[in-house]
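Here is a short briefing on one chain. Please look over the sequence and the fold before reading the notes.

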Amino acid sequence: MTSSNRPTRIGMIVPSSNTCLEPQSYRILGDRTDVTIHFTRIPVTRIALDNSSDRQFDPAVMREAAGLLATADVDVIAWNGTSGSWLGSGHDRDPRP
């Protein structure tokens, strides 16, 4: 949890093939000292509308990545990639683990 002694820590799960996200995120932050960003990656090497591509975004893979970020005591964990949106919002609401 955020305390007054340290910046807010944002944890981001990133596709492994994305090469611009970290530099762009740091540019967006600019000179802010009240927020830090921490990244972990999941293997994403191919984007297509098929089952093979979709399997890269398996919930178990996301949970493992989130678990790694949690060890950094981040305040929030977010997916930072557009390809996950191809699964639709219903996927996010699916109660299956």
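The notes below go from the overall fold to the sheet, a helix, the cores and single residues.

The model is predicted. Its secondary structure comes to 4 helices and 3 strands. From the N terminus on, the order of elements is β-α-β-α-α-β-α.

**Overall fold**

- The chain has 97 residues, and 26% of them count as buried.
- Take the contacts between residues at least 6 apart in sequence: 71% of these join residues at least 24 apart.

**Strand pairing**

- Strand β1 covers residues 8-15 and strand β2 covers residues 35-42. The two pair in the parallel sense, over 8 bridges.
- Within that pairing, Ile-13 has Thr-40 of β2 as its bridge partner.
- Helix α1 (residues 21-29) carries the chain from β1 to β2, and this β-α-β crossover is right-handed.
- Strand β3 (residues 76-79) also runs parallel to β1, and 4 bridges join the two.
- On the β3 side, Ile-10 is bridged to Val-76.

**Helix α3**

- Helix α3 has 12 residues, 59-70. At 1.5 Å a residue it should span 16 Å, and its end C-alpha atoms are 16 Å apart, so expectation and model agree.
- Met-62, Ala-65 and Leu-69 are buried in α3. They cover an arc of only 65° around the axis, so they sit on the same side of the helix.
- An α-helix has 3.6 residues a turn, so residues three or four places apart point the same way.
- Glu-64 and Leu-68 are exposed, on the face of α3 turned away from its buried side.
- The cover over the buried residues of α3 includes β1, β2 and β3.

**Nonpolar cores**

- The largest nonpolar core has 8 residues: Ile-13, Ile-42, Val-44, Phe-57, Met-62, Ala-65, Leu-69 and Val-74.
- Helix α3 gives the largest share of this core, 3 residues.

**Residues of helix α1**

- Glu-22 lies in helix α1. Its relative accessible area is 16%, so Glu-22 is buried; the cut-off for buried is under 20%.
- Beyond its neighbours within four places in sequence, Glu-22 is in contact with Phe-39 and Arg-41.
- Tyr-26 lies in helix α1. Is Tyr-26 exposed or partly exposed? It counts as partly exposed, because its relative accessibility is 44%, and exposed requires over 50%.
- Tyr-26 is in contact with Ile-37 and Phe-39, leaving aside neighbours within four places in sequence.
- Tyr-26 and Ile-37 are 11 residues apart along the chain, and their C-alpha atoms are separated by 8.0 Å.

**Before strand β1**

- Arg-6 lies in the segment before β1. With a relative accessible area of 16%, Arg-6 is buried.
- Arg-6 and Thr-36 are 30 residues apart in sequence. In space they are 9.5 Å apart, C-alpha to C-alpha.

Terms used. Residues are numbered from 1 along each chain as its sequence is written. This is a predicted model: local features need pLDDT of at least 70, side-chain atom pairs count only at pLDDT 80 or more; totals for chains, interfaces and linings use all residues. Side-chain values use heavy atoms; hydrogens and water are left out. Two strands pair if DSSP finds at least two bridges between them. A crossover is right-handed if, with the strands pointing away from the viewer, the path from the first strand over the helix to the second runs clockwise. The expected span of a helix is 1.5 Å times one less than its number of residues. Buried means under 20% relative accessible area, exposed over 50%, partly exposed in between (1.4 Å probe, protein chains only). The arc is that of the directions from the helix axis to the C-beta atoms. Contact means heavy atoms within 4.5 Å. A nonpolar core is a set of buried Ala, Val, Leu, Ile, Met, Phe, Trp, Tyr and Cys residues joined through side-chain atoms within 4.5 Å.
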